[in-house]
Amino acid sequence: MLTSVELSGRELGMIKLMADFFVEKPELTAKIESYTTAYYALMTTYSENFGIPTEDAWKTFEELEKKLDGAKDIRVEAPSPIKKWYSLSTEEINMIRVLIDYFSENPKMTPTSSFIANRSESIIEAYKWFFGTTEGNGEYARESFNNLMEKIQAATSIKLDTLAPVVATPNPYEAVLQLLQLAAKKLNLDPGLHEMLKRPMRTLIVNIPITMDDGSIQVFTGYRVQYNDLLGPTKGGIRYHPELTLDEVIALSAWMTFKTAVTGLPLGGGKGGIRCNPKEMSQNELERLTRGYARAMVRFIGPHRDVPAPDVYTDAQTMAWIMDEYSEMVGYNVFGVVTGKPVHVGGSLGRNEATSRGVMYTVIEAAEHLGIKLKGSTVAVQGYGNVGYHAARLLNEIGCKIIAVSDSKGGIYNPKGFDPMKALEHKNRTGSVVDFEDCKNITNEELLEVECDILVPSALENQITKANADKIKAKIVAEGANGPTTPEADEILFKNGIFVIPDILANSGGVIVSYFEQVQNQMNYYWPEDEVREKLKNTITKAFKDVLAISQQYNVNMRVAAYMSAVKRVTDAMLTRKHKTVSPIPEPKAAVQSK
Ligand code: NAD
């Protein structure tokens, strides 16, 4: 399928550097001429200019090559004050392909292999080689090439529509399958049931055209995946992210299936999202997009079918828009179509901090099990959004010392501890926790490796990998985020004696209170916050104890134990409801007895 992709900062930097090579910047020319191949010149110069290892430069180039190869449309954003997006002509897109090939490790354009001689001319030659002769003596091609170089050099951003598959690396869906495999083996699961659990039950892909504030129309791709509904209506958040992929949504929906199961909720698992960059969109644009998504989903979601909730870069306001649009469509108020709503329009007290409160309850249980005194123990939190901030605040309230936190722009560290609320005020004022008083700025990578008792990854997937798992010093890792640890890293943490409270358990507080919100919506009767907290504590503590017992009984880590518990519940439901997937063979009618 056609996917809209915005080039990353690194990719944009690389393509600009390629353009610079061709406009004969004197400082670059001397440098390039000292290398034997264009590929080597590009990789070395790029890695020096951007201060990154050459290995990363190759990867950036490969990724760029893949995206541009499948590109059907490329748009460049002109800088301020124009700030407009321009589509490149077919000729210009082809020129970019030639440019990429010119710098590739094994360029196909043999007639122009001597790149030092005359770079612009060699590109025109290569263009002819690939795409046939240009008009006249090549003046036209030369002109369009020069125009293209100017556009690329000035571009503040480049977007493209590509047919190449866009997959995150590592792919979180692969991680789900690996974990499922481990649990299936331990449970000696029937291969057919295992097959069923590997795939989502239903997937919807929608393309939503939106009028932007500048009057242009942009089309955004949205997903909703209902992974499994054997235990009840599917449930799971909606994520807005520029790099969202279908596989990521599938992985998240599988995690939701196992999360609702491990906590014993009468719900299945689903997830959704839109590939968009909410940071670059106005509130009005986000509202139009969200309402468009709700309209596209109207036959697919509902209180008894599939109930979305907030996730990364969506919030209570997003849910209120979906609830309102859905209610408009069906003709009456349906508060229960989404959870995580503002309290005055059907939300539950305590939902906002529920995920983090659940993290806190599981940390209390883990600390007790390990004999760690929580008062005075040190905490590092990656990600300072809904989950990260409230986790820091709540752990601080029970006596832990917050020594490091981070957001997408970087992190802060003070071994003596700091006030998490003041750090949030600083973030709200400046846009980031970075540069907070009395703290040293650190990178997100450094944050994960700080000396601390409890580490709470609360940002995105794949943060603890086999590359850094050995450097994690925490005694407890409580996964606020979904999928922050890769399966390879998991083994390393287990081997190093680090107690991991897996995502499907640690961050299940959000879905538990979402479930309470659904129940309250259906009753149209709302509970006081103390009652919500008490019920949350009981539910998540019981789930923790169940998982710990399995991990001790089978001598497996907490993650495998959590999957075993969840898989067993889902497959037990499957076997009880067998008709769901096994078509019943009609009994032959008994022959009518003649009297
Ligand atoms: P959010 O949008 O409120 O916050 C995300 C935070 O992560 C922001 O502070 C952002 O700056 C930071 N971030 C983004 N990229 C980062 C990076 N590369 N390094 C460090 N920080 C980065 O989102 P949220 O609701 O807090 O969700 C965070 C995680 O928790 C996600 O994995 C989500 O799926 C999971 N989760 C959320 C809930 C919930 O109820 N909100 C429930 C369960 C799980």
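In these legends, Ala, Val, Leu, Ile, Met, Phe, Trp, Tyr, Cys and Pro count as nonpolar, Asp, Glu, Lys and Arg as charged, and the others, Gly among them, as polar. The views show a predicted model, in which local features need pLDDT of at least 70 and side-chain atom pairs count only at pLDDT 80 or more, while totals for chains, interfaces and linings use all residues. Residues are numbered from 1 along each chain as its sequence is written, and side-chain values use heavy atoms, with hydrogens and water left out.

View 1. A cavity is a set of points, on a 1 Å grid over the protein atoms alone, where a 1.4 Å probe fits but cannot get out; lining residues have an atom within 4 Å of a point. Grid points are joined across faces, edges and corners, and a volume is the space filled by probe spheres set on the points. Helices α8 (172-187) and α21 (558-576) each supply at least two lining residues; helices (H or I, at least four residues) and strands (E, at least two) are DSSP runs, numbered from the N terminus.

**View 2. The second largest cavity.** Here the space is about 30 Å³. P172, E461 and N462 are among the lining residues, and the lining as a whole has four nonpolar, four polar and one charged.

**View 3. The second largest pocket.** A pocket is an open set of grid points with protein on both sides within 12 Å along at least five of seven lines. This one contains about 860 Å³ of space. Of its 31 lining residues, W85, K159, M212, Q218 and F220 lie nearest the centre. Strand β6 gives the most to the lining, with five residues. By class, the lining has 10 nonpolar, nine polar and 12 charged residues.

**View 4. Helix α14.** The end C-alpha atoms of α14 (residues 386-397) are 17 Å apart, which agrees with the 16 Å that its 12 residues should span at 1.5 Å a residue; the expected span is 1.5 Å times one less than the number of residues. Nine of the 12 residues are buried, meaning under 20% relative accessible area with a 1.4 Å probe, protein chains only. Y389, H390 and R393 are among these buried residues. Just after the helix, G399 takes a positive phi of about 105°.

Methods: Buried means under 20% relative accessible area, exposed over 50%, partly exposed in between (1.4 Å probe, protein chains only).
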